[in-house]
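Please consider the sequence and model displayed below. The briefing that follows treats aromatic pairs, the nonpolar core and the sheet in turn.

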Amino acid sequence: MPQITVDYSETMEEAFDRPGFARALHEAVVEIAAAKPEACKTQFRPGAFTAYGYEDPAEHGHALVHVTIGLLAGRSAETKARLTESVLELLRGHVAEKGFALHASAEIRDLDPSYRKFDR
């Protein structure tokens, strides 16, 4: 815990400072949601194909990024909202302007009570 997944358009690969974003994101999760620093882990998943609206997807004029943070239940709605706002602000600072329109979103979800993990 927390389980963080970042899905993003492959076309923004060179514009996205993933290591810097991960560090800043982990710091925000610790500060805002009281997570343990050593428990933060993030999986980045580039998407090979992005379509936006009715535009021709071959144009590559848009990039999408969506951050999902799974936390153990118990955080208030205010804490979750503050964390998602922080995530969006961090994305603004870690994605360079490279000729595409960036569409970013974030969500916090409670991990199911059946959640288990192990570390090797």
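**Aromatic pairs and overall architecture**

The count of aromatic pairs comes to four, where rings of Phe, Tyr and Trp (its six-membered ring) pair if their centres lie within 6.5 Å, with planes under 30 degrees apart counted as stacked, over 60 as edge-to-face and the rest as tilted. This is a predicted model in which local features need pLDDT of at least 70 and side-chain atom pairs count only at pLDDT 80 or more, while totals for chains, interfaces and linings use all residues. Residues are numbered from 1 along each chain as its sequence is written, and side-chain values use heavy atoms, with hydrogens and water left out.

**Aromatic cluster**

- Tyr-8, Phe-16, Phe-21 and Phe-44 are linked by ring pairs into a cluster.
- The pair of Tyr-8 and Phe-16 is edge-to-face, at 5.4 Å centre to centre and with 80° between the planes.
- Both Tyr-8 and Phe-16 are buried (under 20% relative accessible area, with a 1.4 Å probe and protein chains only).
- Phe-16 and Phe-44 have ring centres 5.9 Å apart and planes at 75°, so this pair is also edge-to-face.
- Because Phe-16 lies in the loop between S1 and H1 and Phe-44 in strand S2, the pair ties together parts that are 28 residues apart in sequence; helices (H or I, at least four residues) and strands (E, at least two) are DSSP runs, numbered from the N terminus.

**Nonpolar core**

- The largest nonpolar core has 31 residues, and Phe-16, Phe-21, Val-29 and Ile-69 have the most contacts inside it; such a core is a set of buried Ala, Val, Leu, Ile, Met, Phe, Trp, Tyr and Cys residues joined through side-chain atoms within 4.5 Å.
- At least two residues of this core come from each of strand S1 (3-9), helix H1 (18-33), strand S3 (62-71) and helix H2 (77-94).
- H1 supplies the largest share of this core, eight residues.
- Beyond its neighbours within four places in sequence, Val-29 is in contact (heavy atoms within 4.5 Å) with residues including Pro-2, Ile-4, Cys-40, Ile-69 and Leu-83.

**Sheet and helix packing**

- Four strands form an open sheet in the order S2-S1-S3-S4, with mixed pairing; two strands pair if DSSP finds at least two bridges between them.
- Strand S2 (41-47) and strand S4 (101-110) are the edge strands, each pairing on one side only.
- S1 and S3 pair in the antiparallel sense over six bridges, and His-66 in S3 is the bridge partner of Asp-7.
- H2 lies across S3 and S4 and runs at about 150° to S4; axes are lines fitted to C-alpha atoms, for helices over the stretch in contact, and angles run from 0 to 180 degrees between N-to-C directions.

Conventions:
Buried means under 20% relative accessible area, exposed over 50%, partly exposed in between (1.4 Å probe, protein chains only).
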